[in-house]
Amino acid sequence: MWLDRQRESLIHIYREYPRPFWTLVSVTFIDRLGGALLYPFFALYITSRFGVGMTEVGILFALFSVSSFAGVLLGGALSDRLGRKGMVIFSLLSTSISSVIMGLVDSLSAFFMLALIVGVFTDAGHPAYQAMVADLLPEEKRAEGFGIIRVVFNLSVAIGPAIGGFLAARSYLTLFITDAIISLISAVIIWRAMPETKPQLLEGKEPESIVSTFQGYGKVLRDSLFVLFILAGVLSGLTYMNLNTTLGVFLRDSHGIPESGYGFILSLNAAMVVLFQFAITRRVKGYAPMAVMAVGTLLYAVGFAMYGFVASYALFLFAMVIITIGEMIIAPVSQAIIARFAPEDMRGRYMAIAGFSFGIPYAVGPLLAGLVLDHLQGEVLWWAAGVIGLLSALMYLRLQKAMGAVLVG
């Protein structure tokens with residue numbers, strides 16, 4: 001009886017969304033499985049392969065992020081000008097090639113040079129991908145749609161780190177090659193099965209020139225409430241970025257937790273999202289969105305700060321439970337807010353600027369965190385993360401008051 005109800009519920013959810021959306025969901029699962037095999041172990045790979053500390057890893061992440069800014073801005077504008085599909089395919093193919101090259105590079109200086117190039121191409125498809133979701137779904141379904149994508153994203157992450165930890169113990173090169181193959185498969189699926197979703201130009205409206213398309217970023221930056229929302233996201237991102245960059249190194253060096261133990265913590269995070277994300281998204285979607293963001297970010301602050309106060313593996317897992325609840329509240333709501341801010345013909349560019357709320361933290365956060373881990377007591381990093389998360393939560397509350405009912409209903 002219970003299984004019958006669950007099956008009927010899944011069938012009902014499937015029928016609520018168009019077929020191209022499910023194609024995008026499938027590609028998310030496949031592509032992120034490759035990323036989840038590799039990315040959580042990137043800092044561990046760099047420190048062990050080249051014999052450097054977290055400061056050098058922070059510099060490398062900064063180089064990736066700075067170059068990705070250019071890629072995101074390029075991709076956001078071109079997805080509005082030329083379409084979403086081609087940009088996504090281009091990004092996936094670039095990711096496939098760069099993964100193989102990164103696995104073969106044998107010097108840190110060459111890795112630094114590669115980072116300046118890779119970010120431009122691999123991140124060009126991100127705004128187009130997010131714009132596709134907004135293109136395909138009506139406003140009232142977007143938060144849930146982004147929630148579904150997060151479920152399959154984290155289903156990949158639940159599986160990936162466990163496999164990645166197993167492979168990393170034997171050969172890091174295998175991780176890079178596997179990620180490349182998976183990105184190539186994803187590109188083929190988009191090419192064969194995904195339609196172009198870019199909205200049609202309104203009758204009588206002249207298409208933008210390339211120059212005016214890029215000038216449109218000025219209009220985005222003049223949207224003051226949107227910019228304040230992104231700044232709050234930057235603070236939140238400075239807290240959250242530690243999950244996939246410094247946490248594994250801290251647990252290994254300060255508490256003797258091996259790669260497999262760190263992988264299990266990440267798998268717990270992903271498994272919770274798979275099991276509870278959709279229900280939580282439906283539960284919070286009727287509340288004031290900025291207040292929801294504040295609650296989620298406050299949970300970030302508490303969860304990450306705990307790593308500076310606790311010393312047992314069980315409590316490390318409990319801290320991750322708190323962080324994950326915050327993540328499940330924040331992620332789909334924030335994407336729906338961005339989509340509502342964006343005019344239909346500027347979704348790619350709004351999504352590109354929104355990406356800075358993750359790009360900036362990953363550009364400066366790992367470097368700053370690396371300096372703390374290398375030169376101060378490791379617990380200081382997590383105390384600082386808690387304070388920054390609290391500041392972000394307060395900023396979201398101020399935004400809710402400033403906006404009133406603008407984004408409610």
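Student: Hi! What kind of model is this, and how are residues numbered?

Tutor: Hello! It is a predicted model, in which local features need pLDDT of at least 70, side-chain atom pairs count only at pLDDT 80 or more, and totals for chains, interfaces and linings use all residues. Residues are numbered from 1 along each chain as its sequence is written, and side-chain values use heavy atoms, with hydrogens and water left out.

Student: What's the mean pLDDT of the protein?

Tutor: The mean is 83, and 94% of the residues reach 70 or more. pLDDT is the predictor's confidence in each residue, from 0 to 100.

Student: Which elements have the lowest and highest mean pLDDT?

Tutor: Helix 1 (residues 2–15) has the lowest, 69, and helix 15 has the highest, 93. Helices here are DSSP runs of H or I with at least four residues, numbered from the N terminus.

Student: And where is the pLDDT below 50?

Tutor: That is the case over residues 405–409. Beyond near neighbours in sequence, this stretch has eleven contacts in the model, a contact being heavy atoms within 4.5 Å.

Student: Back to helix 15. Why is it described as largely enclosed?

Tutor: Because 13 of its 18 residues are buried. Buried means under 20% relative accessible area, exposed means over 50%, and partly exposed is in between, using a 1.4 Å probe and protein chains only.

Student: What span should helix 15 have?

Tutor: At 1.5 Å a residue, its 18 residues should span 26 Å, and the end C-alpha atoms are 26 Å apart, which agrees. The expected span is 1.5 Å times one less than the number of residues.

Student: Can we pick a residue there? Is Ala294 buried or exposed?

Tutor: Ala294, which lies in helix 15 (residues 289–306), is buried, with a relative accessible area of 5%. Leaving aside neighbours within four places in sequence, Ala294 is in contact with Ala393, Tyr396 and Leu397.

Student: New topic: where does helix 8 bend?

Tutor: Helix 8 bends by about 30 degrees at Gly160, and a proline, Pro161, follows within four residues. The bend at a residue is the angle between axes fitted to the seven residues ending there and the seven starting there.

Student: What does the side chain of Asn242 join up with?

Tutor: A polar contact of 2.7 Å joins it to the side chain of Thr246. A polar contact is a pair of N or O atoms within 3.5 Å; within protein, one must be able to donate a hydrogen and the other to accept it, and residues adjacent in sequence count only if both atoms are side-chain atoms. A polar atom of the Asn242 side chain also lies 3.3 Å from the backbone oxygen of Leu238.

Student: Are those two residues buried or exposed?

Tutor: Asn242 counts as buried at 1% relative accessibility, and Thr246 counts as buried at 0%. Asn242 lies in helix 12 (residues 242–245), while Thr246 is in the loop between helix 12 and helix 13 (247–255).

Student: Last one! How many residues are in the largest nonpolar core?

Tutor: It has 88 residues, and Phe42, Leu251 and Tyr307 are among those with the most contacts inside it. A nonpolar core is a set of buried Ala, Val, Leu, Ile, Met, Phe, Trp, Tyr and Cys residues joined through side-chain atoms within 4.5 Å.

How values were computed
Helices (H or I, at least four residues) and strands (E, at least two) are DSSP runs, numbered from the N terminus.
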